[in-house]
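Here's a quick briefing to read alongside the model. Take a look at the fold first, then come back for the details.

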Amino acid sequence: MVAAVSYGLSEIEHIQIAVTEFNQFAPRFERRNYTIELHPTASLNSQILTVKATDPDPAPHNAEIYYRMDQNSTSKYFSLDSLTGKLHLIQSINETTPSIHFGIFAEDGGSPKRWDYVPVNVLLKSISAPLNVTISNITFSSAVVCWSAPEYGLASDYVLIHNPKGSTNQSVFNVTSSHDTSVCENLTNLTGDTDYELQIYAWNSKDTGQKTDIYTFHSEENWCHRNVCNTGICIPLHHEPRYECECSEGFYGSKCEYFNPCSQSPCRNSGKCLNTTHNEYVCVCADDYSGPNCGSYNPCLRKNPCQNGGTCEMTTNNTYICICAEGYYGRKCKYRDLCLPSPCLNGGTCEHTSDTTLSCICPTGFTGSLCEEEVDECASNPCSTGSTCASHKGNFTCICPSGFSGQKCDLAAQCPSDRTDTEKGLFYWNATKHGSKAVVKCSFGALDSTTEDQFAYRFCSLNNGSAVWGPVNASQCKGKGFVFADELAEELHNLTQDSSAINLETLEAAAQGIETIANYAKQDKKIAQGMVQIISNVMDAEELIEKDEDGTFSENMLDIVDDFASNVELKPGESLSVAAENLLIQSVEWHPEIDETLSVEEYDDHLQFEAPTDKGFLEIEEKDQTHDNESVSESKTTTLLPSSKPKFPMMQVFVPKEALQEAHRQLERSVRVKFVVYYNDNLFQSKLSSRSETSSKSKTKVPENREKDGASTGDNYELEIRAPVLQISVGNVSLKNLDKPLIYILPMVTKRTPTCVYWNERERLWSADGLKTNHTMDKVICESSHMTAFSILLDLTPQADKDEMHEVILSIISYAGSVLSIIGLSLTII
């Protein structure tokens, strides 16, 4: 109720509010579009289409559907029944286009109101639909379709489409009309007992005509599909009785339902077969034969074949048996049985072996031809494992030692099957006799897969007469940590293999992961290869490593590499080489008394190490650049090597045996020789820092004598060299004043004069003391008479004045870290 009051006057109005259910669903047309074919002369007020939509709302008023047309310039030709969805033509169509389009809405009666929309395409055809379509002479496989020419338009040919109802597999035929007023076509290859749909339209070179309505017909049933002929062959007929049967041999009847068993000649021995009815027969047998199939022959009717008073009886398989009199045996009772009465003693069993001999089967405890002798049961030593035998009549007893049981003491006490869960994995042990060793495979693999000892084992021993298990020995097996380290190495490799995708978080995760797997890498070659590959990957992330201002990441990586090379498990005479794109590690456990095949060449007076890299010479690009108001002129003075990503040539290091022997003398054991090559210097942080301080790309001023080479004074000189860093050490000892030098060879072609230097850590200067440089056309050879506990690194610098050399070297070569017993070599072009 609503009340209105104004100036003392009032009025009341009653309002009825109906509460309805919420309208959940919109109507949905059964089809997403409709297409109509019309001829312009179609009859007015004729129904040309029915659209239908459904609404799943449970409330009836929400599911009520009302139809309306989209109002446009073409919808004026039609009227739509809003309740039934029937569309009628109400006005002659006068359009020049071959088709017109409009849409139809379906709205429900719910709240909120919901709707759906479907487009309607009307195709205007110049050829009307064929007339007077008839379907006749319908059989299970064929039918005759006839029709008359369209009322409007010239038909050159016709297209006939038919398919089983509900199937999308249509058969399409083109029918040539010869401009006849009536056309017939025979449909073949139909399926029996099937509903078919059929449409026809005419066409000419200019247009395809309007399709007829869909006609339906039903093919007759193919009686042969009912298997009416049983085992015979069914031949379908187009007249009654609609089929004919060709029966197989032995069968007869209209449906081959009867069988004559005489067709299989069941009567034997010249017997005659008579067919009495379906599947039944009788045999008329010849003389001396009987049975259902005349197969029985009675040999006992003639002279008795049984001897010595035996009785002849015929069996069911046309043979006979002789029932012998007592004391005789044999097929015809020919032989006498010598076991009657039995001559065997002490309960022996008599068996006749021939008509003149017999044998006695003696019971336990007796022997002899007639079982007349008693047997010593202990004579055959039946008791095992050193037990004592006591003989009895027909039996014996074994007195077993501790740990054995059974009648013959042959059952050893066993440790029961067991399961042990250790850090090396879960092991299942089978029941094992005492005094034996049980062996199972390592759960996570062996530490050394090349040896035969890839198992865990434990002993079963005897304790107070009982078998007990000893402790598990899994020293040659990997632990659970190896599996985790292997999986972590694989994950880190996938994480870092694209250097462009590495960020600070990735770098930190890689550092932590490498530290985690480092100890496992010393014992597992696969994990070692994974660790080296990960370090090689992160060595490409130059910009991120530069952001590690305190050098913690670089120092950790160098320490891990040196720790691995120093402590990877090697026996005297063994060697190991692990390589990746940016890193090579070779470790040799050298001993003068062991002559083993190493991964390096060993000669009488030296060891030879090689860095396996691409063939060629060290690439050196030197450019002179002049900057003038953003213009740059460039002249290339020297360019050598392939155009692919720079790799470095085969670098060789010759370690004199003198150094190895001196180290062996000081250590009094085998000597660990380590050879490491870093193919870029990104892990050497002080070098990166000095490069940035000197300005980008390490630009220095050209010395005065540079003018002789064609460069004007004041020109800037840019060096683009990224050299490898070599490190080698012999044990953890300091070696000086060697009689035979340590030799380094680096293939390089340059017009400049190279000098070999090493890094003096105490004075932080590059020094050539104790070094000798030889330069051929394509090699630089460095000889060193001493070894120190500090790094000597390999790199190249451009020519510069003596006072400027130290600054240039610092801008290019970084300190490798205090790595015990590391000796590197640096080549500097001065």
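Predicted model: local features only at pLDDT ≥ 70, side-chain atom pairs only at ≥ 80, totals over all residues.

A contact here means heavy atoms within 4.5 Å. Residues are numbered from 1 along each chain as its sequence is written, and side-chain values use heavy atoms, with hydrogens and water left out.

**Whole chain**
- You'll find nine helices and 62 strands in the protein chain, taken as DSSP runs (helices H or I, at least four residues; strands E, at least two) and numbered from the N terminus.
- Of its 830 residues, 41% count as buried (under 20% relative accessible area; exposed is over 50%, partly exposed in between; 1.4 Å probe, protein chains only).

**Around Lys125**
- Lys125 sits in the loop between strand 11 (115–124) and strand 12 (131–136).
- Leaving aside residues up to four places away in sequence, Lys125 touches Glu37, Leu38, His39, Pro40, Asp207, Thr208, Gly209 and Gln210.
- Its side chain makes a polar contact with the side chain of Thr208 (3.0 Å); such a contact is a pair of N or O atoms within 3.5 Å, where within protein one must be able to donate a hydrogen and the other to accept it, and residues adjacent in sequence count only if both atoms are side-chain atoms.

**Leu338**
- Leu338 lies in the loop between strand 30 (335–336) and strand 31 (349–352).
- Leu338 counts as partly exposed because its relative accessibility is 30%.
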